[in-house]
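The entries follow the order in which I looked.

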Amino acid sequence: MDRGPFDHIWIHAKLATFDPKVNAPCGLLEDYTLAVRGETIVAILPTDSPEVRAHRGAVTDCGGKFVTPGFIDCHTHLVWGGSRVADWESRLAGEPYTEIAKRGGGILSTVRATRAMTEDELQLAALPRLRALVAEGVTCVEIKSGYGLTLDDELKMLRVAKRVGEQLNVEVSPTLLAAHAVPPEFAGRADDYVSLIANEMIPTVAREQLAEAVDVFCESIAFAPVQCDRIFTAAKRHGLAIKGHVEQLTNSHGAELIARHGGWSADHLEFLDDAGVAAMAKTGTVAVLLPAAFYFLREKQKPPVEKLRAGGVPMAVASDLNPGTSPFASLRLAMNMACVLYGLTPEEALVGVTREAAKALGRASRLGTLEADKRADFLVWDVTHLAEIVCQLGVTPLAERIVRGKTHNA
Ligand code: NIG
Ligand code: FE
């Protein structure tokens, strides 16, 4: 690409590019310059290069600070109504998540509250959650529906997802998760509900461009693999990408199903077996790890991280922000938990919210690394070591947040 002239350059930076072509931990380039034109990174150059010296436009001196790509939270349910504190108290008193779900608490209680709210009310409720993610450096977020479970209520949630992204200048990847639970009006008729999803909801969201992917909860307490298969087939027919909540509480071989359909990601994966790892490795399906839900449900079985690593399966880390199993609006907390609970290295956690998270959202060509031709979404960090971003919580040492080439501090 033609490099100059540049609109703005960030000089004297330690660039954590996460570009696999850069042969250093985190793809680190010391004393480099990131050059931007419009919304795009157009060059990555040593600060003492002639093009940098010749530049006459805007300059920001990073003074040796670290720069990372903008963070991507590739799995959230941040639009919801009501509260699940009562569920939490029941769980603390010993009632399992699955039992709460069976008696109509859990996801279905959030469905009741979400259906009762208007778009404006839901937007007001969702905004502080997205604002909290943004304050930690999130520049792109996936947001699922799944608490509406009627065509109108799912569309309502997806419109809110779009609106909060526009309001806070965050790129949103909206996902239809109508197959989150069987709604009460379809009790005992799950297949009919699957038909509604496949024949009405998917075509409508595709036509109205309100979602780019379709998600399912493939689990003993939710949808069976054959039902998920029907939903994925319909999604593909309408040009939508595929992903799923799989192997969270039991092994239903949902990851293999997703891999067979060429899906973007398989998420949770605590009960993933060797065949699942092999299937994902073969197709490059991203493993999205959600350690905050594992923590909050006090799960015992961890995803097979060493096998995923050995198999070369890309691992992303996400917040799973939702009212029931992960009421934490903090991607950095999820990164910290991925290290402490799942044994990821801090570098893997950082790669998991940048390069691999971009893959999990089908955005690897545009986002996730610092490279020429990628979008100029990046973060300047006031830390002495990159791992500090993952280690120390409660303060956010974010010096500057650049979105589409412009500074947008939270
Ligand atoms: O990712 N597993 C299903 N869905 C969510 C939980 C949603 C809820 O409990 O409200 C999850 O853990
Ligand atoms: Fe989830």
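The entries below start with the ground rules and then go to the ligand.

I noted that this is a predicted model, in which local features need pLDDT of at least 70 and side-chain atom pairs count only at pLDDT 80 or more, while totals for chains, interfaces and linings use all residues. Residues are numbered from 1 along each chain as its sequence is written, and side-chain values use heavy atoms, with hydrogens and water left out.

Entry on ligand 1. I found 15 residues around ligand 1 (a heavy atom within 4 Å). Arg84, Tyr97, Tyr147, Asp320 and Thr325 are the closest. I sorted this shell into four nonpolar, nine polar (Gly counts here) and two charged residues (Asp, Glu, Lys and Arg count as charged).

Entry on polar contacts (N or O atoms within 3.5 Å). The side chain of Thr325 has an N or O atom 2.7 Å from an oxygen atom of ligand 1. For Asp320, I read 2.8 Å from a polar side-chain atom to an oxygen atom of the ligand. A nitrogen atom of ligand 1 is 2.8 Å from a side-chain N or O atom of Gln248. The protein covers 100% of the 330 Å² of accessible area that ligand 1 has on its own (Shrake-Rupley method, 1.4 Å probe).

Entry on salt bridges (a side-chain nitrogen of Lys or Arg within 4 Å of a carboxyl oxygen of Asp or Glu). I counted 26 salt bridges. In one of them, Glu39 pairs with Arg404, with the closest N and O atoms 3.1 Å apart. Glu39 is in the loop between β2 (28-37) and β3 (40-46) and Arg404 in the loop between β15 (398-403) and β16 (406-407), so the pair ties together parts 365 residues apart in sequence (strands are DSSP runs of E, at least two residues).

Conventions:
Chains are lettered from A and ligands numbered from 1 in the order in which they are written. A polar contact is a pair of N or O atoms within 3.5 Å; within protein, one must be able to donate a hydrogen and the other to accept it, and residues adjacent in sequence count only if both atoms are side-chain atoms. Helices (H or I, at least four residues) and strands (E, at least two) are DSSP runs, numbered from the N terminus.
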